[in-house]
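Biologist: I'm new to this one. Could you walk me through it, a question at a time?

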Amino acid sequence: MASEQPGFWARVQRASVERLHIRLESLVVLLALGTAMALLSPYFLSLSNFLNILLATSTIGVLAIAATFVIGSGGLDLSLGSVMGLAGVAGAFVAVNLGWPSVLAVIACILAGAIAGYINGQLVTRAFVPAFIVTLGMLGLARGLALVISQGRAIYGLPPEIVYIGQGRPFGIPMPVIIFVLTAIVAHAVLAYTRFGRHTLALGDSEGAARAAGIRVEHHRRIIYTLSGALAGLAGLLFTARVNAGDPTAGINYELTAITAAIIGGTNLFGGRASILGTMIGALIMGVLQNGLTLLAVQSYYQQMAIGAVLILAVFIDQYQVRKESRV
Amino acid sequence: MTSLTLKINRFTLALGVVLAFSVIGIAKAEDGEYGVLMKTLANPFWGAMAQGVADGAKEAGVKYFQQAAESDQAAEPQLNLCNTMLERKPVAMITAAINSTNLLPCLKSAQEAGIKIVDLDNNLDQAVLDKEGVKVTFHIGSDNIAAGAQGAEYLVSKLGKDAKGPVLVIEGLSGNITGEKRAKGFADKLKELAPGLQIVASLPGDWDRGKAASIATDTLTAHPDLVAIFCANDGMALGAVESVYAAGKGPQVTIIGVDGNVDAVKSIKEGRLNASVAQLPYLVGKQAVENVKKALAGEKVEESIAVPTLVLTKDVIDAGKEPMLQYVK
């Protein structure tokens with residue numbers, strides 16, 4: 001293979017990385033999976049099923065956006081799932097137990113998440129505790145607090161406006177899907193095309209170089225963790241509205257699924273390379289896999305195995321590409 | 001072109017993995033298929049229920065496909081599973097919802113599609129269903145009030161209807177409907193059969209063995225002449241057994257649990273726990289399928305089906321003659 005004259009495939013790959021900020025492989029895997037499922041199950045190809053997949057991906061998708069920002073900046077947020085649970089309980093508490101207007105409940109969800117994220121950011125940048133430890137601690141703190149606030153029981157009976165956020169279908173499209181897609185579009189634009197996004201990835205690439213270039217590293221990290229928490233709060237709102245209950249056990253292990261989506265989508269676990277569109281493809285790969293296997297009546301235990309296998313495979317392909325490129 | 005070939009190979013590999021997983025469960029469209037959605041299978045209770053569904057379907061000659069969430073707390077994943085299962089267009093959905101609200105959006109869609117809905121193990125709340133306009137074909141499960149009442153009947157049969165003395169009731173998690181029903185069933189029946197046996201305390205043990213043990217110890221201190229303890233599940237009953245024997249009052253206090261789990265059966269055989277009102281999840285699963293078939297055939301099915309419970313004592317287990325004993329797993 002002549003390295004002077006890149007082939008057609010190489011040119012398409014480069015274009016997709018430069019223009020769309022995604023690796024073409026993940027898109028091909030998604031399409032191949034979709035085709036396979038369509039061939040195997042007569043129920044897969046339908047509009048209602050596609051909406052199902054998007055709906056099932058929406059909560060985890062919003063968390064995966066948060067994970068992408070944090071990991072892209074060279075950090076890690078293990079508290080996503082717990083903060084999501086805490087935020088949902090906070091919102092339900094405000095709406096049901098306090099009986100305040102729904103708008104305040106929505107704000108409470110996102111604010112609770114943002115505060116947890118802000119604390120994470122402060123501890124990471126000021127107390128010099130590693131992000132893994134800080135967010136692992138927050139995982140326990142937020143979960144415990146959610147259980148304390150709710151006294152260990154789900155808070156039922158949310159007002160109709162909040163339930164609409166989870167179960168409404170304007171123009172036939174589920175509300176969580178609309179919120180998820182809009183969030184993803186904005187997040188993609190921010191990460192790929194703004195100075196904030198470039199700084200985020202620069203930070204993940206090399207903190208020293210970023211500092212030398214004049215980026216306010218600590219300040220930037222705090223913003224990213226706060227943003228991550230706020231997005232977890234939004235995910236908590238979606239969850240709570242979907243199941244019509246502020247559930248203190250909501251989101252257990254969701255952080256790992258969110259990180260999996262980001263990694264399958266091509267985010268470098270050690271930072272410096274990340275794209276929201278890629279993460280969305282990663283999340284959809286998992287969504288299609290779960291949906292297809294459920295339609296095929298495969299036990300959910302095998303589904304977990306399949307996702308584990310895809311994760312390892314995705315990183316394997318990624319590493320293979322990176323090594324090949326570095327050889328050129 | 002070598003790199004292109006290599007890449008294609010890798011995609012083939014990726015596809016291969018997926019196909020390998022898919023092949024495990026390839027199932028073609030079946031007309032008249034039932035969808036069965038469990039909470040989880042990672043626990044003997046639900047395992048026994050799944051076995052009952054399987055045997056019931058085999059005997060009735062119906063096809064079904066089954067899914068379960070990864071844990072009994074995975075509310076949202078269970079809702080996602082439910083939505084996806086509807087795409088297979090089953091004729092009936094037999095669901096054991098993780099809580100009384102998480103599956104509601106899916107059940108509404110099912111109802112709109114004309115799919116019959118069954119509430120397996122009484123997880124749905126009729127008041128919530130009415131408010132949301134969801135009509136369930138039938139609820140099926142153990143009758144928890146009857147289970148509590150059976151516990152009282154056993155106690156009175158052992159001590160006699162003129163017996164006198166203080167009785168302790170240890171409830172489940174406060175606010176949990178199952179525990180409340182069992183405790184209420186016991187209390188009401190006891191009052192009716194043996195008014196001399198007085199419930200001196202009815203406290204929530206939160207399904208926790210250790211907490212139940214502490215409650216038993218404290219109550220024994222306040223009422224050294226305690227004659228009986230009724231616990232809303234076996235785990236708590238086994239905790240109470242430890243406290244009672246530690247206080248040296250084993251022969252004096254009759255202890256009754258509910259569930260009929262393996263540990264309880266063992267303790268009954270050893271002569272420590274006196275009785276457990278056993279639920280029969282196997283029978284619940286089996287009867288659910290049988291009744292769906294009836295309902296689909298246009299026969300009348302009761303709106304709420306109570307599957308009997310069985311009082312397990314050392315005599316019943318040792319004799320081994322009770323026909324329902326085969327359903328105790």
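Biologist: How far apart are the end C-alpha atoms of helix α13 (residues 276–295) of chain A?

Modeller: Keep in mind that this is a predicted model. Helix α13 of chain A has 20 residues, and at 1.5 Å a residue they should span 28 Å. The model agrees with that, because the end C-alpha atoms of α13(A) are 28 Å apart.

Biologist: And how many of the residues of α13(A) are buried?

Modeller: This helix is mostly covered. Just past α13(A), by the way, A:A297 takes a positive phi of about 60°. As for α13(A), the buried count is 20 of its 20 residues.

Biologist: Staying in chain A, how does α8(A) lie against α9(A): roughly parallel or roughly perpendicular?

Modeller: Helix α8 (residues 175–193) and helix α9 (residues 195–205) of chain A pack with their axes 5 Å apart, at an angle of about 65°. Angles of 65 to 115 degrees fall in one class, so α8(A) is, relative to α9(A), roughly perpendicular.

Biologist: How many of the residues in the contact of α8(A) with α9(A) are nonpolar?

Modeller: From α8(A) come A:V190, A:L191, A:A192 and A:Y193, while α9(A) brings A:F196, A:G197 and A:T200. Among the residues of this contact none is charged and two are polar. The nonpolar ones number five.

Biologist: Over to chain B. Which strands stand at the edges of its six-strand open sheet?

Modeller: The order in this sheet of chain B is β7-β6-β8-β9-β10-β12, with mixed pairing. An edge strand has a single partner, so one side of it is left without a neighbour in the sheet. In chain B that applies to β7 (197–204) and β12 (310–313).

Biologist: By how much are neighbouring strands of this sheet turned against each other on average?

Modeller: Direction is ignored for this one. The average turn is 20°.

Biologist: What angle does the direction of α9(B) make with that of β9(B)?

Modeller: Helix α9 (residues 234–246) of chain B packs on the sheet. It touches β6, β8 (228–231), β9 (254–259) and β10 (275–278) of chain B. With the direction of β9(B), the direction of α9(B) makes about 160°.

Biologist: Last one: what share of the residues of chain B count as buried?

Modeller: Chain B has 12 helices and 12 strands, and its C-alpha trace spans about 90 × 50 × 40 Å along its principal axes. Of its 329 residues, the buried share is 48%.

Methods. Residues are numbered from 1 along each chain as its sequence is written. Chains are lettered from A and ligands numbered from 1 in the order in which they are written. This is a predicted model: local features need pLDDT of at least 70, side-chain atom pairs count only at pLDDT 80 or more; totals for chains, interfaces and linings use all residues. Helices (H or I, at least four residues) and strands (E, at least two) are DSSP runs, numbered from the N terminus. The expected span of a helix is 1.5 Å times one less than its number of residues. A residue is buried if 20 or more other C-beta atoms lie within 10 Å of its own, exposed if 12 or fewer, and partly exposed in between; C-beta atoms are placed from the backbone. Two strands pair if DSSP finds at least two bridges between them. Axes are lines fitted to C-alpha atoms, for helices over the stretch in contact, and angles run from 0 to 180 degrees between N-to-C directions. Two residues are in contact if their C-beta atoms, placed from the backbone, lie within 7 Å. Angles under 35 degrees count as roughly parallel, over 145 as roughly antiparallel, 65 to 115 as roughly perpendicular and the rest as oblique. Ala, Val, Leu, Ile, Met, Phe, Trp, Tyr, Cys and Pro count as nonpolar, Asp, Glu, Lys and Arg as charged, and the others, Gly among them, as polar.
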